[in-house]
Amino acid sequence: MKRTIQAIHTQFEALENTMDLMDAGLPALRIAARRFAYERVVFTGGGPSFSVAKAVAAVASLALPVPVAAVGAGDLWLHHGRYAALLRGALVIAFSRAGRRGEAESAVRASLEGGYGVYAISVICAQNTPLAARSDTVFALPWASDESACRICGAGNLYAAGVAIVRALAGEPETDDFRRLAASSGVYLRHVEPVAKALAASPWDRVIALAGHHAAGLAEVCVSAFQRAARLPGGQYGVLDTRHGPAALAGAKTLVLGAFTAEPKGQEIAVMSDLARGGAIAVAFAPQPFPPTDGVWQVTLSGAISPEAHALAFLPLCQTAAYYKALALGLDPDSAEAAEPR
């Protein structure tokens, strides 16, 4: 059982290595991308790696002057023809934890062999993989691979690497915010631990994660952690979208986790408050405290970090709560049943 909690705590140590790699490799990528004269960018991945792809695509949509899309690797592999117009002259950026025997490798192969004229970039938590062999540029993060069944460490490092790539393509390379997050992670994780234990001890049996823009993809990763470690159902929604159906699923046995990368607006706080009044356990993760709201827990991470880095800090809160909830239910989060296909 210790592999999962160890991975939660070491993912920020891995983040330092990831940022070193990106700082070293991104200048060459910028030159190659400029020569390729890409017309659009397509992000892809399978499972939680597709959630990462969606998060990075959201960042890219506001940073790059070309069309941006995120397409599931399985869909891109099996139906690449329907995406022909999207693929022509595109940078295809694939995220994968293992880089072998999976949809991401098949999607990149189909994109390259389909004659669309793509340039393939892969970010992989492993070295010397089939996906790397097919790619034009590879960022290998073997230190971000861990032995936990839920592959805790990989998602955050894949995301941070993806954001660094987007910033480099936009001509604004920056990794200091992720480095500051890594440097402060010890204090933050000690703050999160008792909160996660208290949440795990509460009587809930489903999870709803609320977030917008780039945080939405990482909130999907959080839901996946609860599904795999604690075998509990869950879903991810936009904060205000919750009122259009999902709120009906939030009752006395629901944990609601809201990820806010800026101070929550009044309408967003009202949604959290309404869910708490309905009996849900509501937790708001925000950059700074906001006026106390009845029934809503607050978890804050203050400091001079960007919204992109702040969203990454949402992961260990969820992962730690999922870990302790699994233990409370008598489950082993390190068991084979929690593992995802590679």
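Okay, a definition to start: a disulfide here is a pair of cysteine sulfur atoms within 2.5 Å. With that cut-off, searching the whole structure turns up zero disulfides. Keep in mind that what you have on screen is a predicted model.

C125 is buried, at a relative accessible area of 3%. C318 is buried as well, and its relative accessible area is 0%.

Now, the overall architecture. We've got 13 helices and 10 strands in this protein. If you'd rather think in terms of a box, the C-alpha atoms fill roughly 55 × 40 × 40 Å along the principal axes.

What about the inside? Of the 342 residues, 58% count as buried. And look at how the chain contacts itself: take the contacts between residues at least 6 apart in sequence, and 76% of them join residues at least 24 apart.

The accessible surface comes to about 13,300 Å². Carbon and sulfur atoms account for 53% of that surface.

Last topic, charge. How many positive and negative side chains does the protein have? There are 29 positive ones and 29 negative ones. As for where they sit, the centres of the two sets lie 3 Å apart.

So, to recap: zero disulfides, 13 helices and 10 strands, and 58% of the residues buried. That's it from me.

Technical notes. Residues numbered from 1 in each chain as written. Predicted model: local features only at pLDDT ≥ 70, side-chain atom pairs only at ≥ 80, totals over all residues. Heavy atoms only, no water. Buried < 20%, exposed > 50% of the residue type's maximum accessible area, 1.4 Å probe, protein only. Helix = DSSP H or I, 4+ residues; strand = E, 2+ residues; numbered from the N terminus. Contact = heavy atoms within 4.5 Å. Areas by Shrake-Rupley, 256 points an atom, 1.4 Å probe, with all protein chains shown as cover. Lys, Arg positive; Asp, Glu negative; His and termini not counted. Charge placed at Lys NZ, Arg CZ, Asp CG, Glu CD.
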